[in-house]
Amino acid sequence: MRIHVTFIDRVGITQEVLALLGGRNLNLDAVEMVPPNVYIDAPTLSAEVLEELRGALFKVRGVQAVEVVDILPGQRRSLQLYALLAAMPDPLLAVDGSGRVLLANPALIELAGRDPDGETLGELFAAPELHEELLAQGLRLSMREVTLDGRTLLLDAMPIGEAAGQGSGQLAGALLTLYAPNRLGERLAALHHEQAEGFDALLGDSPALRTLKARAQRVAVLDAPLLIQGETGTGKELVARACHAVSARRNAPFLALNCAALPENLAESELFGYAPGAFTGAQRGGKPGLLELAHQGTVFLDEIGEMSPYLQAKLLRFLSDGSFRRIGGEREIRVDVRILSATHRNLEQMVGEGRFREDLFYRLNVLNLAVPPLRERSEDILALARHFLEQACAQIRRPPCRLAPDTYPALLANRWPGNVRQLQNVIFRAAAISEGSLVEIGDLDIAGTAVAPQADEIGSLGAAVENFERGILEKLYASYPSSRLLAARLQTSHTAIAKRLRKYGIPGGER
């Protein structure tokens with residue numbers, strides 16, 4: 001039976017309460033003192049003895065209440081902690097201040113093939129130096145590799161101690177977590193998770209984008225290398241993420257490396273990892289690369305055309321047999337990873353010029369997609385601009401605003417050499433500097449990038465405006481073949497569009 005005694009705290013009251021239980025020869029499994037409460041677990045306490053004991057307890061000065069409870073608070077916390085640890089998919093273990101195992105969750109016990117209760121880390125991982133290092137570094141270890149039952153894992157140790165300002169601040173122990181490399185990869189991938197998944201992240205409904213989505217849907221489910229080509233800023237990584245999100249690998253990591261952003265040695269260590277002691281300053285225990293972290297998932301190599309010849313050769317070997325060696329390592333590592341790559345360069349031309357390996361090009365180009373530039377999907381420009389404006393207002397925490405109608409011709413006429421990325425930047429800047437509820441033409445920083453006719457081609461301002469208007473209507477009419485559809489697309493009246501269609505002799509002007 002478990003009882004809870006409430007009292008007015010005073011010196012010696014706990015000893016008086018415990019003496020009453022001891023005088024009745026009761027075995028005590030647990031006593032928890034949390035003034036002004038004492039919790040007692042006495043398995044041999046019967047109901048009859050409890051009634052007699054209750055009377056004796058109330059005679060102790062300061063005792064206010066005696067009640068039966070189901071479980072002691074400390075026992076409840078232990079059960080809750082174990083339930084929490086049991087629910088964690090990663091192997092976890094708690095150690096005391098001397099580095100001995102106090103508790104291991106089921107995932108760790110299954111992995112080790114035994115309950116390591118009471119073992120030191122050195123005994124559990126057959127690495128005495130690991131136990132010594134844990135104690136030397138105050139029960140804190142940065143991520144490092146360990147081996148358990150023949151499996152290579154990543155170990156992270158976090159010390160547990162009293163909060164600042166409470167007690168002596170002495171460390172009580174540490175919580176250690178083991179990660180399979182691909183589990184850590186999932187966590188890294190989650191940091192870059194897009195709100196929209198799959199092809200919903202590709203905004204727009206132009207014929208060019210619909211064609212891209214239809215083709216991408218077909219190649220995404222094929223488990224083979226995919227090369228994505230397109231100008232800078234067209235959203236090649238969004239396409240790659242969308243292909244991963246609808247593939248059979250969608251529940252595994254998607255990790256990306258920009259080949260143009262890092263020098264050769266850093267790009268090699270990021271992609272392939274390095275062995276312990278591979279070079280001066282290397283992380284102790286070595287470091288897995290993206291290929292290991294993304295096991296059973298996808299690695300996206302952006303700007304593949306900037307990859308050095310040495311890395312091209314190393315990547316080719318991996319694509320050939322699925323194995324590689326870390327920098328400074330001797331062990332062959334085999335992983336299951338799909339490679340998606342992207343470039344804004346003409347790789348075929350680079351192959352002809354000897355600047356890109358022909359055999360690697362054919363390995364990467366098993367499947368391919370071409371992402372259209374924004375100038376070829378002008379029907380999407382206004383929809384994208386409105387979406388980016390809504391995002392920008394939310395990000396900078398200003399009241400929602402909208403585009404003034406006089407911005408439409410300028411947005412539609414722009415060549416957008418930086419494509420969607422440039423449009424997003426222009427809209428964000430406009431949202432930041434606009435003072436009213438409307439973003440005006442003067443807020444748009446697109447001077448010098450719009451398509452402008454040569455001076456000698458302009459007869460008058462009226463003629464220039466009419467030519468521009470006719471071009472927009474002719475282009476959009478192919479996708480919106482009625483005055484009502486076109487009016488809805490351009491957010492103006494049906495009558496105004498019908499009048500202009502008749503004026504320019506565009507089919508459908510009578511609808």
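**Close-up views of the predicted model**

**View 1. Phenylalanine 300 is buried, at a relative accessible area of 0%.** Buried means under 20% relative accessible area, exposed means over 50%, and partly exposed lies in between (1.4 Å probe, protein chains only). The model is predicted: local features need pLDDT of at least 70, side-chain atom pairs count only at pLDDT 80 or more, and totals for chains, interfaces and linings use all residues. Residues are numbered from 1 along each chain as its sequence is written, and side-chain values use heavy atoms, with hydrogens and water left out.

Rings of Phe, Tyr and Trp (its six-membered ring) pair if their centres lie within 6.5 Å; planes under 30 degrees apart count as stacked, over 60 as edge-to-face and the rest as tilted. This rule gives four aromatic pairs. Phenylalanine 254 and phenylalanine 300 have ring centres 6.1 Å apart and planes at 25°, so they are stacked. Phenylalanine 254 sits in strand β11 and phenylalanine 300 in strand β14 (residues 298-302), so the pair ties together parts that are 46 residues apart in sequence. Helices (H or I, at least four residues) and strands (E, at least two) are DSSP runs, numbered from the N terminus. Phenylalanine 254 is buried too, with a relative accessible area of 5%. Elsewhere, Phe272, Phe318 and Phe324 form one aromatic cluster.

**View 2. Proline 253 lies in the loop between α9 (236-245) and β11 (254-258).** Is proline 253 buried or exposed? Proline 253 is buried; its relative accessible area is 0%. The C-alpha atom of proline 253 is separated by 7.6 Å from that of leucine 293, 40 residues apart along the chain.

**View 3. Helix α15 (residues 381-395) has its buried residues on one face.** Seen down the axis of α15, these residues fall within an arc of 165°, so they line one face of the helix. The arc is that of the directions from the helix axis to the C-beta atoms. Ile381, Leu382, Leu384, Ala385, Phe388, Leu389, Ala392 and Cys393 are the buried residues. Exposed residues Glu390 and Ala394 are carried on the face turned away from the buried side.

What covers the buried residues of α15? The cover includes β19 (402-403), α16 (408-413), α17 (419-433), β20 (438-439) and α19 (483-490). Contact means heavy atoms within 4.5 Å.

The expected span of a helix is 1.5 Å times one less than its number of residues. The 15 residues of α15 should therefore span 21 Å, and the end C-alpha atoms are 21 Å apart, which agrees. Just after α15, arginine 397 takes a positive phi of about 55°.

**View 4. Four strands form an open antiparallel sheet in the order β2-β3-β1-β4.** Two strands pair if DSSP finds at least two bridges between them. The edge strands, β2 (30-34) and β4 (63-69), each pair on one side only. Neighbouring strands are turned by 15° against each other on average, direction ignored. Axes are lines fitted to C-alpha atoms, for helices over the stretch in contact, and angles run from 0 to 180 degrees between N-to-C directions.

Six bridges join strand β1 (residues 2-7) to β4, in the antiparallel sense. Valine 5 stands opposite valine 66 in β4. Helix α1 (residues 13-22) lies across β1, β2, β3 (37-41) and β4, and runs at about 25° to β3. Helix α2 (residues 47-58) also packs on the sheet, where it touches β1 and β4. The direction of α2 makes about 155° with that of β4.

**View 5. Five strands form an open antiparallel sheet in the order β6-β5-β9-β8-β7.** Which strands lie at the edges? The edge strands are β6 (101-104) and β7 (141-148), each pairing on one side only. The twist averages 30° from one strand to the next.

β5 and β6 are antiparallel and pair over three bridges. Leucine 93 has alanine 104 in β6 as its bridge partner. Helix α6 (residues 128-136) packs on the sheet and touches β5, β7 and β8. The direction of α6 makes about 160° with that of β7.

**View 6. Strand β9 (residues 171-179) runs antiparallel to β5 (residues 92-96), joined by five bridges.** Valine 95 has alanine 174 in β9 as its bridge partner. Strand β8 (residues 151-161) pairs with β9 over eight bridges, again antiparallel. There, alanine 157 has leucine 176 in β9 as its bridge partner.
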